[in-house]
Amino acid sequence: MGTSALIFYILSAVMILSAIAAVTARRILRAAVYLLFALGGTAAIYFMVDYYFLAAVQLIVYAGGIVVLIIFSILLTTHINEKLELPRWSKISATFSLTAVGFAITTYVLTAQSFTTGTGTFADATVGLIGERMLAYGEGGYVLPFEVISILLLAALVGAIVIAKRNPPAS
Amino acid sequence: MIDQVPLSHVLSVSSLMFFIGAYGFLTRKNLVTMLIGVELMLNAVNINFVAFDRYLYPSGINGHFFALFIIAIAAAEAAVAIAIFINLYRNIRSIDVEEVDKMKY
């Protein structure tokens, strides 16, 4: 087993364990910190396949933005010492068996499928190439989703402000 | 990593992460922890896109763009969701899903 394979398996073990901890931790703040580890491990996998820009975006937007937002909302809405009550055992076992069956079916299909690995030179995802493709409208250009995303972000910005704004007292 | 780890292992890791997120989404009652489950699921899908792109179509970077757009949508979704949680908490002093029935109209 080569070094990068070893690094990949260690990383995925860390990711999976922290993901499990994020959905089972009884203190919400700890769940958010475990989520941070899972997202950081994903960024490391992006680094391993040479997608440096995507890894940087993952660290900035997920780890820097979304986790901080989640931590803010936890601090605003729950007491810091509060422990979540455990869900009922019937619910836990039903959900666990449902997701386990889903995972088993997915892995069965994955292993039965023979993927033909692509050939050709690896495209170097430099920031220049990403910028050109993002604004190109020919083949392989992504200008339409880019514009749609910009409208979506504007709508989310306005919507978040309007929803979270303190309503004037009803007169 | 590409020539040493088979594609099915990467896909297994991402599908395991997806179903862990689904488990969290279905068992949790606090809205913030449910959001954490949704973020895990979106993240697992991103790993899938990047793995397929790198292993099967190495000369293009289309999966890279899909992952980028999913990250942007996840950010917008988290911002709106947290605004709703804060407004709910201000109105009913709780973000437990079983007590949230005010939004039914």
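Figure 1. R93(B) is located in the segment after α3 (62–92) of chain B. In this predicted model, R93(B) adopts a positive phi of about 60°, although the residue is not a glycine. R93(B) has 9 other C-beta atoms within 10 Å and is therefore classed as exposed, since a residue with 12 or fewer such neighbours falls in that class.

**Figure 2. The loop between α2 and α3 of chain A.** D50(A) is placed in the loop that joins these two helices of chain A. Its phi is near 70°, which is a positive value in a residue other than glycine. D50(A) counts as partly exposed because 15 C-beta neighbours lie inside 10 Å.

**Figure 3. The segment before α1 (7–27) of chain B.** V5(B) belongs to this segment of chain B. With 23 other C-beta atoms within 10 Å, V5(B) is buried, because the class requires 20 or more. When residues up to four places away in sequence are not counted, V5(B) touches A5(A) and F8(A) of chain A as well as V10(B) of chain B.

**Figure 4. The side of chain A that touches chain B.** Contacts between the two chains involve 68 residues of chain A and 62 residues of chain B. On chain A, the elements that give two or more residues to this side are α1 (3–24), α2 (28–48), α3 (52–77), α4 (89–112) and α6 (143–164). The largest share, 13 residues, is contributed by α3(A). Sorted by class, the side of chain A that touches chain B comprises 47 nonpolar, 19 polar and 2 charged residues.

**Figure 5. The fold of chain A.** The secondary structure of chain A consists of 6 helices and 0 strands, and its elements follow the order α-α-α-α-α-α from the N terminus on. The C-alpha trace of chain A spans about 65 × 45 × 30 Å along its principal axes. The radius of gyration of chain A is 21 Å, whereas a compact globule of 171 residues would have a value near 16 Å. Of the 171 residues of chain A, 23% count as buried. Among the contacts in chain A between residues at least 6 apart in sequence, 48% join residues at least 24 apart.

Conventions:
Residues are numbered from 1 along each chain as its sequence is written. Chains are lettered from A and ligands numbered from 1 in the order in which they are written. This is a predicted model: local features need pLDDT of at least 70, side-chain atom pairs count only at pLDDT 80 or more; totals for chains, interfaces and linings use all residues. Two residues are in contact if their C-beta atoms, placed from the backbone, lie within 7 Å. Helices (H or I, at least four residues) and strands (E, at least two) are DSSP runs, numbered from the N terminus. Ala, Val, Leu, Ile, Met, Phe, Trp, Tyr, Cys and Pro count as nonpolar, Asp, Glu, Lys and Arg as charged, and the others, Gly among them, as polar. The radius of gyration is taken over C-alpha atoms; the globule rule is 2.2 Å times the number of residues to the power 0.38.
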